[in-house]
Amino acid sequence: MAYYKDLREYLSFLKKNDKLRIVEREINKDSELHPLVRWQFRGLPEEQRTGFLFQSLTDSSGKKYHCSVASAVIGASREIYAMGMQCAPEDIHKRWLEAYRRPLEPKLVDSGPVKEVIHWGENLLEHGGLNEFAIPMATNGWEGLPRLTAISWHTRDPDTGVTNIGTYNGYLFGPGLTSCGTAHNAHLRLHLERCRQKGIPLQAAAVIGGVPAVSMVSVTKVPFGLDELAVVGGIAGEPLEVVKCETSDILVPAHAEIVIEGELRADYEIPNPAMGEHLGYMVLHKLLFPFEVKCITHRVDPIWHDYISQMPPSESSTIRGIGSEGTMLNFLKNDCGIPQVKDVAFHHCAGAWRLCVIRLQDIGGVRTHNGTVWQALNASLSISPDWPKIVIAVDEDIDPWDLESVFWAVCFRYQPHRDSRIIQGRTASMDQSSVPYLEEEEVDDRHRFPTSMSGPQGASAQLMDATRKWDYTPVALPKREYMERARELWEELGYPPLKPQAPWYGYSLGVWPAEYARQAELAEKGKFDQVAEMLLAKARR
């Protein structure tokens, strides 16, 4: 099947598969929208989470909007993310690896639905500019302005012309002004710095409501220098149709819902309101770059796309975590040449960046050498100066997405004095464990939180080898055939559906003396008296 032509076709697919809740009653976008969607991340298991489409929006002043808002439609769950990729959840990593191996350049077309309505020049603010759209409040009760969450900022490298897509927070400062917050090592920040040195603003386009692949690439830290529109095509399996902006040569998705064209200024900064972040805490005293709007194009009756971020688990931690898994897996397997790396898992509790679990597999029956384990652990830190923070290597029999399974390995296959490494000299963006908050009058450009949260000695990372170093006795669970028969009985009895957690059956790990194997064989035949006789023969005072 062909990839989704636009966000609307994707939303129809979610609705058909009971993964979209359509809210027709009037909802206040300033006080009700985010808290309502947030409840599913604080009160429902992942498999019950869905996307939301709000069709009747108002604000705290009573204003009614002629647009809808789609929230949590990309990353409410891993299953929904897979639907956005048009693959099974277990094939997500394969799709990411394929996108990196075979990116497809975008297809330039003359026009598209995103050009149905155009506001620019004297008519830029004819419908209220950015106030035309129902932009929600996010961390209600703490933040001070409506927040632009699901923006895919499109910029071009002023030296190479390569397109970068990145998702960075912004706030609505007025009908023609927003902010754009980027980390010090973000790719958009590098583009902005190059423009600053040339004494020119950075042309940018804020895209809202592209196909799912656009959002997925935008949130993911794709290696610098890759044309990210081509990576979008690699995920979709077909070139993305794009059009030129009205005020620049930037290419944007032709079937997007909204495109906001303008300039990012590097010659001054504006204060940010308090901002909820993916670590689960509020961020204070942050300065952001201003984005001055020059043109707005959108579809008739546009859909504003919104993410649920801040405290994990959240939609953004799902999208960011899965994308980071694909990037790290491709880096370790292909760029670093470590075929023993089978899977990579990032976890919600760490904001989907800070805790990384690497599952290693034996190849050709040869046990993975300990040197290869440490090669993978050390290499994982070279992908970025500030993530991951904790990296744990586990064996193939450990489920890297199940922290109970992971910490079983940590508790019984790992010794802190022998299997740990602390790596100093790292950065720690927004991590309050590295340095305390400073009062605003104490903050200067060198120590402004959160872009330089490193402290005088820098931050650090921990590497942990939780793989077995030698043979172990068997896993203390019934053998597989017993568990499988019991599962058949469970289902016959009509008990609740099972979700097996690794390990869910016992298996040998190398140490299994013949006498114990013989006793188990006799027990399987019900010859318990013979087993007792064997054991009693070895009784001693």
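Me: What is the accessible area of the nonpolar patch formed by Trp490, Leu493, Tyr495 and Leu498 together?
Reply: Happy to start there, bearing in mind that this is a predicted model. Residues join such a patch at over 30% relative accessible area, and Trp490 has 31%. Together with Leu493, Tyr495 and Leu498, Trp490 forms a nonpolar patch on the surface whose accessible area is about 390 Å².

Me: Is tryptophan 490 buried, partly exposed or exposed?
Reply: Tryptophan 490 sits in helix α12, which spans residues 480-492. Buried means under 20% relative accessible area and exposed means over 50%. Because the value for tryptophan 490 is 31%, this residue counts as partly exposed.

Me: Now to another spot: is glutamate 105 buried or exposed?
Reply: Glutamate 105 lies in the loop between α4 (92-101) and β6 (107-108). Its relative accessibility is 53%, and the cut-off for exposed is over 50%. Glutamate 105 therefore counts as exposed.

Me: What distance separates the C-alpha atoms of glutamate 105 and glutamate 238?
Reply: Along the chain, these two residues are 133 residues apart. Glutamate 105 also touches Asp227, Ala230 and Pro239, not counting residues up to four places away in sequence. Between the C-alpha atoms of glutamate 105 and glutamate 238, the separation is 8.8 Å.

Me: Which element supplies the largest share of the lining of the largest pocket?
Reply: This pocket holds about 1200 Å³ of space. Its lining has 31 residues, with Glu46, Arg78, Asp399, Trp401 and Asp402 nearest the centre. At least two lining residues come from each of α3 (78-85), α4, α8 (315-335) and β22 (341-346). The largest share, 5 residues, comes from α8.

Me: How many residues of helix α6 are buried?
Reply: Helix α6 covers residues 212-219 and is mostly covered. Its buried residues are Pro212, Ala213, Val214, Ser215, Met216, Val217, Ser218 and Val219. Each of these is under 20% relative accessible area, because that is what buried means. The count for helix α6 is 8 of 8.

Technical notes:
Residues are numbered from 1 along each chain as its sequence is written. This is a predicted model: local features need pLDDT of at least 70, side-chain atom pairs count only at pLDDT 80 or more; totals for chains, interfaces and linings use all residues. Side-chain values use heavy atoms; hydrogens and water are left out. Patches are made of residues with over 30% relative accessible area and no salt bridge: like charges are joined within 9 Å, nonpolar side chains (Val, Leu, Ile, Met, Phe, Trp, Tyr) within 5 Å. Accessible areas come from the Shrake-Rupley method with a 1.4 Å probe; for residues, only the protein chains shown count as cover. A salt bridge is a side-chain nitrogen of Lys or Arg within 4 Å of a carboxyl oxygen of Asp or Glu. Helices (H or I, at least four residues) and strands (E, at least two) are DSSP runs, numbered from the N terminus. Buried means under 20% relative accessible area, exposed over 50%, partly exposed in between (1.4 Å probe, protein chains only). Contact means heavy atoms within 4.5 Å. On a 1 Å grid over the protein atoms alone, a cavity is a set of points where a 1.4 Å probe fits but cannot get out, and a pocket is an open set with protein on both sides within 12 Å along at least five of seven lines; lining residues have an atom within 4 Å of a point. Grid points are joined across faces, edges and corners, and a volume is the space filled by probe spheres set on the points.
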